[in-house]
Amino acid sequence: MKLLRVGGQAELIVLLFGLGLIGGAVDRALRLRFQAEARDFPYDWQDASLQQAQRAAIRAALPAKTRVAMVWTGGQSGFGSSDADMGQETATIAELIAMAEDLRHERPVDFHMMSSAGGLFESQTHCSEHSLPLPLRPYGTGKLMQEARLEQAASLDRRHVYRPSSVYGVTRSKRVGLVTALISNAMQGKTTRIFGNPNTLRDYVLSDDIGHYMARRIVDPDPAPRAATFLLASGRSASVFEVIERIRERIERPLLLQFDPHPSNVRDMSFLPSALPPDWQPTSLASGISRIITFLRSGLA
Amino acid sequence: MSDAPQPQSMMISVVVPVYCGSDYLEALVAALDELRREWQAQGAPFSLAEAIFVDDAAIDDSGSKIDRLAREHSWIVPLHLARNFGQHPATIVGILHSSGDWVVTMDEDLQHRPEVITTLLRKAVSEHADIVYANPASAVHDAAIRDWTSRSFKRMMQWLTDNPNLSSFNSFRLIRGPVARAAASVCSHDTYLDITLGWFTQSIRTIRIEMKDERYIKTKRSGYSLKSLLSHGWRMIFSSQIKLLRIGSVLGLAAMVLSVLAAVYFLTVKLFFPSDIAVQGWTSLFLAITFFGGLSAFMLGIVLQYLSSMILKVHGKPTFFTIDRSGDASAARWLAKHSDPNP
C-alpha cells in the first residue's frame with residue numbers, strides 16, 4: 001500500500017490499498033496532478049495477524065488531526081474469483097473499514113471503495129441509474145457485500161463507491177484488460193485467447209480516466225454527499241469484433257486470436273450515458289487504444 | 001410504469017440521424033415513447049431500450065432540442081457530431097453507440113413510422129433474417145419524376161454493382177445488433193453502409209409499407225440534392241466490386257482470342273490464297289492492335305480486380321462472421337400470438 005501526502009489548503013493523507021491497474025492510475029494521478037508525496041508500506045493480504053501489525057505501523061505514520069482518505073482499489077483474481085477468494089477480500093476490506101471507523105474518532109475520514117459494474121450488472125444491458133445489481137457469480141456477490149459493509153459505516157464522512165465497467169490500461173500487473181492484452185500480444189507476436197465471442201458487448205474504460213476521476217474526488221475539499229455511488233463507464237459499449245478492428249487499424253500487425261469454444265464470459269453489458277456522473281469524461285475507445293499503443297511502443301510500461 | 005427495461009428481454013435500439021428535423025423531433029419521441037409503453041403494457045419479450053439521436057451538425061435547433069428531450073427521457077441518448085458528416089456516418093456513429101439485440105435506423109421526419117418497427121421485428125424473427133428493409137408500397141414523394149429518378153438510379157446501381165439487394169436499400173431498416181455493429185466497425189468515411197452490411201449477412205428481407213415523404217410533399221425540398229445523390233452513387237461503387245471491371249477484363253480477353261483466331265485464319269489465307277488479300281500489311285497491323293489492345297484491357301482488368309480486392313480488404317470485408325439467432329424464438333412465439341396492425 002501507499003501513504004500519499006497531499007499538500008495545499010486542506011492537507012490530506014491518502015491511504016491507498018491495492019496498486020494494480022486502477023490503484024496505479026490513482027497513485028499516478030495523485031502524484032502528477034496534486035503533487036502528492038508517496039511512501040510505501042507493506043500490507044499483507046493473507047495473514048490477519050500480520051495485517052494488524054502493519055495497520056498499527058500505518059497509523060503511527062499519520063500526522064495528528066490530518067484528514068485521511070482511505071482508498072480501496074485492490075482485488076485478487078477478478079471475474080473468476082471463487083467464494084473463498086471473495087470472502088477473504090471482503091474480510092480484508094472489513095478490517096480496513098473498521099480501521100477507518102476507529103480513525104474517525106480523532107479526525108475526518110473518507111472511504112473510497114472500488115467496486116465493479118461488470119460484476120454487479122453482468123448480462124444487463126442499457127443499465128440506467130435505476131437498474132438494480134443482479135450479480136451472477138461470486139465476484140459480483142462479493143462486491144455487493146463489500147458495498148453493503150461500507151454502507152453500514154455511517155460514522156465515516158464521505159463513503160464513495162466507484163463501479164467501473166471493463167477497465168483497460170497499462171500496468172506491470174498481469175490483469176490489464178482485453179484491449180491491452182490484444183495490443184501487447186500483437187506486438188510480441190503472441191496469440192490472445194478470448195473468453196468471450198466476437199459479438200460480446202462491453203463498455204471499455206481507460207484506467208487513467210478512473211485514476212484522474214477518483215483522485216479529484218479524493219482530494220476535493222468541497223462537502224459532497226456522505227454516501228455516493230459512481231458508475232464509471234463510457235456509456236458506449238463496443239463488441240469484441242470492433243475492438244479487434246480498431247486495434248488492427250492502428251497497430252498494423254497481425255492479431256493472432258483464439259476464441260474459446262466454450263466461452264465463460266460472453267454476456268453483454270452496457271450502460272446508458274444518463275447513468276454516468278455529469279463530471280465524468282471518459283476517453284473514447286479509439287483514442288484509448290492509440291494511447292496504449294503509443295505507450296507500449298515507447299517502452300514506458 | 002417503470003422506465004427500466006425488463007431484464008433478459010430482447011433489447012431494441014433506435015438510431016436517428018438528425019440534420020434538419022427540429023419540427024418533427026417531439027412528435028417522433030412521443031411516437032417512440034408510445035411504442036415502448038405499448039410493448040411494456042403488453043408484456044412483450046422485447047423492449048425499446050434506447051433511442052440514439054445523432055445531431056449531424058443540424059442546421060436548425062435540433063441539437064438543443066435533442067438535449068432537452070434527453071433530459072426528459074433517460075432512454076434517449078444525445079450525440080453531437082463536430083461537423084456535418086452526412087447521413088451514413090451519422091447512422092454509423094449511432095449504431096456504434098447502440099447495444100441493442102436489434103438496431104432500427106430511421107429518418108427524423110416521420111416518413112418512417114415507429115409503429116412499423118413491430119412489423120419489421122416480426123418479419124426478422126419469424127424468418128431468421130438479419131436485416132429487414134422497409135420499402136415504400138407506393139410512390140413516396142407524390143412526384144412522378146422524383147420517384148422515377150430514385151427508382152432508375154437504384155436499378156442502374158444494382159446492375160453496376162451486381163448486388164441483388166440494392167433496390168431494397170432504405171434508411172428505414174432493422175438490423176441484428178451484432179451485424180449492425182460489426183458492419184459499422186469496418187465502415188470508413190467512403191464506405192456505403194448497406195453494402196457493408198451485405199458482407200456480414202445474406203439473410204436480408206424486405207417489407208412493403210406505406211411511406212410518404214411529408215417534408216418533400218409539403219415543401220418540395222428533398223433531403224437529397226443531386227450532389228448528395230451522386231455522392232451516394234460514388235460510395236456505392238467505391239464499396240463494391242463493380243461489374244464494369246469484370247466486363248472490361250472479359251472484353252479484353254475476347255478481343256485477344258478473336259485476334260489470335262483471326263491471325264490463324266488470315267495466315268492460312270495468306271499462305272494458300274494470297275491473291276485474296278487485296279491490301280498488304282493492313283491485316284497484320286489491325287490484328288496486332290486488336291491483340292495488344294485486348295491484352296492491355298485484360299491485364300488492366302486483372303490489376304483493377306486485385307486493387308478492388310485490396311480495397312475491400314482495407315475496407316474491412318470479413319473472411320467470416322458468426323451469428324447467433326437462437327434468441328429469436330421467444331419473440332417469434334409472442335408475435336405469432338399477437339396480430340400485426342400493419343399487415
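In this predicted model, the contact between the two chains draws 21 residues from chain A and 18 residues from chain B. On the side of chain A that touches chain B, the largest share, three residues, is supplied by H8(A). By residue class, that side of chain A comprises six nonpolar, 11 polar and four charged residues.

One helix pair across this contact can be followed in detail. Two packed helices are described by the angle between their axes and the distance between the axes. Here the partners are helix H8 (residues 240-251) of chain A and helix H6 (residues 177-186) of chain B, whose axes come within 9 Å and cross at roughly 10°. Because angles under 35 degrees count as roughly parallel, H8(A) is roughly parallel to H6(B). From H8(A), the residues making the contact are A:Phe241, A:Glu242 and A:Glu245, while H6(B) contributes B:Arg181, B:Ala182, B:Ser185 and B:Val186. The residues of this helix contact divide into three nonpolar, one polar and three charged.

Attention now turns to chain B itself. Its secondary structure amounts to 12 helices and seven strands. The radius of gyration of chain B is 26 Å, well over the 20 Å that the globule rule gives for 343 residues, so chain B is more spread out than a compact globule. Along the principal axes, the C-alpha atoms of chain B fill a box of roughly 100 × 45 × 35 Å. Of the 343 residues of chain B, 38% count as buried. Among contacts in chain B with a separation of 6 or more, 82% are between residues 24 or more positions apart.

The strands of chain B can be traced next. Seven strands form an open sheet with mixed pairing, in the order S3-S2-S1-S4-S6-S5-S7. Strand S3 (76-80) and strand S7 (204-209) of chain B are the edge strands, each pairing on one side only. From one strand to the next, the twist averages 20°.

Within the sheet, strand S1 (residues 10-18) and strand S4 (residues 102-105) of chain B run parallel and are joined by four bridges. In this pairing, B:Val15 of chain B stands opposite B:Thr105 in S4(B).

Methods
Residues are numbered from 1 along each chain as its sequence is written. Chains are lettered from A and ligands numbered from 1 in the order in which they are written. This is a predicted model: local features need pLDDT of at least 70, side-chain atom pairs count only at pLDDT 80 or more; totals for chains, interfaces and linings use all residues. Helices (H or I, at least four residues) and strands (E, at least two) are DSSP runs, numbered from the N terminus. The radius of gyration is taken over C-alpha atoms; the globule rule is 2.2 Å times the number of residues to the power 0.38. A residue is buried if 20 or more other C-beta atoms lie within 10 Å of its own, exposed if 12 or fewer, and partly exposed in between; C-beta atoms are placed from the backbone. Two residues are in contact if their C-beta atoms, placed from the backbone, lie within 7 Å. Two strands pair if DSSP finds at least two bridges between them. Axes are lines fitted to C-alpha atoms, for helices over the stretch in contact, and angles run from 0 to 180 degrees between N-to-C directions. Angles under 35 degrees count as roughly parallel, over 145 as roughly antiparallel, 65 to 115 as roughly perpendicular and the rest as oblique. Ala, Val, Leu, Ile, Met, Phe, Trp, Tyr, Cys and Pro count as nonpolar, Asp, Glu, Lys and Arg as charged, and the others, Gly among them, as polar.
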